[in-house]
Amino acid sequence: MGQSLKALLAREVLLARKQGGGLGAALSFLLAVIVLVPLAVGPDLALLSRLAAGLMWLALLLAVLLTADRMFQQDLDDGSLDLLTMGALPFELITLTKAIAHWLMVSLPLALIAPPLALMMNLDVASLPVLWLSMITGSLALSLLASIGGAITAGLRRGGLLVSILILPLYVPVLIFGVSATTLMMGPQTATPSLLILLAITLLSLVVAPLASAAALRTYLR
Amino acid sequence: MWKDLVLEAKSLACERGGRTIFRELNFAVKSGEAVELRGPNGAGKSSLLRLIAGLNRAAEGALTLGGATHEIAELSHYIGHQEAIKPALSVRENLDFWSHFMGGNTQNALVPFKLERLADDEAALLSEGQRRRLALSRLIAVKRPIWLLDEPTVGLDVTALDDLRKVMQSHLNSGGLIIAATHATLGLAKISTLAIGTTH
């Protein structure tokens, strides 16, 4: 069982590296936000500093969403999904593994790059570690929730719009607590409660997302 | 290698999109036997193979595998029209993945279908027939008793067809089962024909 999942994870990572995954597109989206926001809201440093964390979170969230619809599409089209379900492995473990591979190859790199980029919008250096912590935690939830959307739209052409409509509501709690962790740093409270709630959301999606995506994909296979 | 396996179908019925494709289908396949499915397009040959592989559900009836403790799907190879090949990966990487995933061994698995020379090429460069040969190589890399082949001969040239025949024959000799949907002649020593979809 472990060997099969390891093989799947290794293939996903190799595939993302070889065919470029979605990381390139997501990263350029992130960069576009950094470049365009100061032009849109003006060069007011105090204003940018207040907006920085929130905008980075928003950009991260949308960038991850951008790659969601391709998560299971190829595997469904080329028949890989058929073979993946034929083994003794629970299908939920397969969707979980694919979501984790997506996190490793797309969301996690974005979560690591985004906070330093926020410095370019005059983010307070002191809040950098908290932003990093909240983004790394939250990005796993983003990948897991994206896998639900990817699974539901796997058999649809141009499912991108549907993914956004389906998944955005689920992203709202992640966004709220991810941002509040960093903005609270500026006030008297500590960031801990928000970070803990964010962690709870991530753990919850770790349980629910594989079940939901497996159920969605089964409807395509049967 | 395998003995006394019996795959048995009892009054099997299949529905697709609310329409009955076939029903009251009965057959039994034993170790060392091959069955070719014959029938017009749309008769349900592919549906039957997917049903045996556990990818579709039977509307009625049951499939049993005597002589084994595992599920049928876990002991089966399914080679469908889609080849489960990733164009971005090399031939070897493609085969390695499925073999590791299914718990097999890729040593020499590229030899029977003469793919060794292409091992490091991207699968995107393969021709139709070569893709088929790569998919069929899974049969060798991972040892499983039941082979479910959907039009295995499509795109194969004369030599590859001959290779396939040899591989299938040695599988039958070691006690495996083969169920193949095909319009071509497979030319195996011991093969029976199951006609489906002729009743209506």
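This is a predicted model: local features need pLDDT of at least 70, side-chain atom pairs count only at pLDDT 80 or more; totals for chains, interfaces and linings use all residues.
To begin with the core, the largest nonpolar one takes in 122 residues. Within this core, the residues with the most contacts are A:Leu60, A:Val64 and A:Leu145. For A:Leu145, setting aside neighbours within four places in sequence, the contacts are A:Ile167, A:Leu170, A:Tyr171, A:Ser205 and A:Ala209.

Over in chain B, strand E6 (residues 146-150) is worth a look. It is largely enclosed by the rest of the structure, because 5 of its 5 residues are buried. Side chains in a regular strand alternate between the two faces of the sheet. In E6(B), B:Ile146, B:Leu148 and B:Asp150 sit on one side, with B:Trp147 and B:Leu149 on the other, and both faces are covered.

E6(B) also has strand partners. Strand E5 (residues 76-79) of chain B pairs with E6(B) in the parallel sense over 4 bridges, and B:Tyr78 has B:Leu148 as its bridge partner there.

As for the contact between the chains, 19 residues come from chain A and 24 residues from chain B. On the chain A side, helix H1 (2-18) and helix H5 (80-86) are the elements that give two or more residues. H1(A) gives the most, with 8 residues. Sorted by class, this side of chain A has 8 nonpolar, 6 polar and 5 charged residues.

Technical notes:
Residues are numbered from 1 along each chain as its sequence is written. Chains are lettered from A and ligands numbered from 1 in the order in which they are written. A nonpolar core is a set of buried Ala, Val, Leu, Ile, Met, Phe, Trp, Tyr and Cys residues joined through C-beta atoms within 7 Å. A residue is buried if 20 or more other C-beta atoms lie within 10 Å of its own, exposed if 12 or fewer, and partly exposed in between; C-beta atoms are placed from the backbone. Two residues are in contact if their C-beta atoms, placed from the backbone, lie within 7 Å. Two strands pair if DSSP finds at least two bridges between them. Ala, Val, Leu, Ile, Met, Phe, Trp, Tyr, Cys and Pro count as nonpolar, Asp, Glu, Lys and Arg as charged, and the others, Gly among them, as polar.
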